Amino acid sequence: MISQVHGILLEATPSVAVVDVSGVGFELGISGTTAASLPAVGDEVRLYTRFRLANDVMALYGFATVEERTMFDRLIAVSSVGPRMALSVLSKFSVAQLYTIVMAEDTKSMATVPGVGKKTAQRLILELKSTLAKDRSLPGTAVPLAGQLPLGAAASTAIEDARAALLSMGFSPQETDLALEGYDGQDMRVEDILAASLKRLGMDA
């Protein structure tokens, strides 16, 4: 099993990377997120990989991070979701963003992925949610599931949980404070606060 390739980047497009490893060129399908992180052609690159064999066709996929590869695995485990759709999802959202969308059951955002309609978005969220909730290795796992806040929890707890989630997604403390400014958390679920905060930060799809 090929778990990674390390070599010289020969070609790069928004969906394909070719890496020369000791004279052998490996063509890998990639997401737009990975494409954006690639170095210049001619430089060294390391991509974490996943090999797939379907209908006698062999394909290799590359990812900038182990977390993105893990999310790819989770996506293709969903019924009727193949590598192409999984890469499309990962091109639209980062791993942390996707985690938040699934946990918040944000079907509207999921349906903005090219090729993903409303029904597919609903199925993705339904099948991914229980799986991702158990996977503590992915960024954004500080985000609580809907309805899991303790009864009678203080409003400040919702704000604190939202703050922790935003920080885990890579936002700076300053950005987080700005996004949460004016919210007291009263009668608001954590996922509602997150959705509003992400919109303020310009991440509403």
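A: A residue is called buried here if its relative accessible area is under 20%, exposed if it is over 50%, and partly exposed in between (1.4 Å probe, protein chains only). The model is predicted, so local features need a pLDDT of at least 70 and side-chain atom pairs count only at pLDDT 80 or more, while totals for chains, interfaces and linings use all residues. Residues are numbered from 1 along each chain as its sequence is written, and side-chain values use heavy atoms, with hydrogens and water left out.

A search of the whole structure finds two aromatic pairs (rings of Phe, Tyr and Trp, the last by its six-membered ring, with centres within 6.5 Å; planes under 30 degrees apart are stacked, over 60 edge-to-face, the rest tilted). Tyr61 counts as buried at 14% relative accessibility, and Phe72 is buried with a relative accessible area of 0%. Phe72 also pairs with Phe63, again in a tilted arrangement, at 4.9 Å centre to centre and 45° between the planes. Phe63 is buried, as is Phe72, and Tyr61, Phe63 and Phe72 form one aromatic cluster.

Thr34, which lies in helix H1, is buried with a relative accessible area of 0%. Leaving aside residues up to four places away in sequence, Thr34 touches Leu47, Gly62, Phe63, Ala64 and Glu68, where contact means heavy atoms within 4.5 Å; a member of the aromatic cluster, Phe63, is thus among the residues that Thr34 meets.

Strand E5 also holds Met58, and this residue counts as exposed, at 62% relative accessibility, whereas Tyr61 is buried at 14%. With residues up to four places away in sequence again set aside, Met58 touches Phe51, Arg52 and Leu53.

Both E5 and H2 also take part in covering another helix, H3. In H3 (residues 83-92), the residues Pro83, Ala86, Leu87, Ser88, Val89 and Leu90 are buried, and what covers these buried residues includes strand E3 (24-29), helix H1 (32-37), strand E4 (44-54), E5, H2 and helix H4 (95-103).

E4, one of the elements that cover H3, leads on to strand pairing. Strand E1 (residues 4-12) pairs with E4 in the antiparallel sense over five bridges (two strands pair if DSSP finds at least two bridges between them), and Gln4 has Tyr48 in E4 as its bridge partner.

Conventions. Helices (H or I, at least four residues) and strands (E, at least two) are DSSP runs, numbered from the N terminus.
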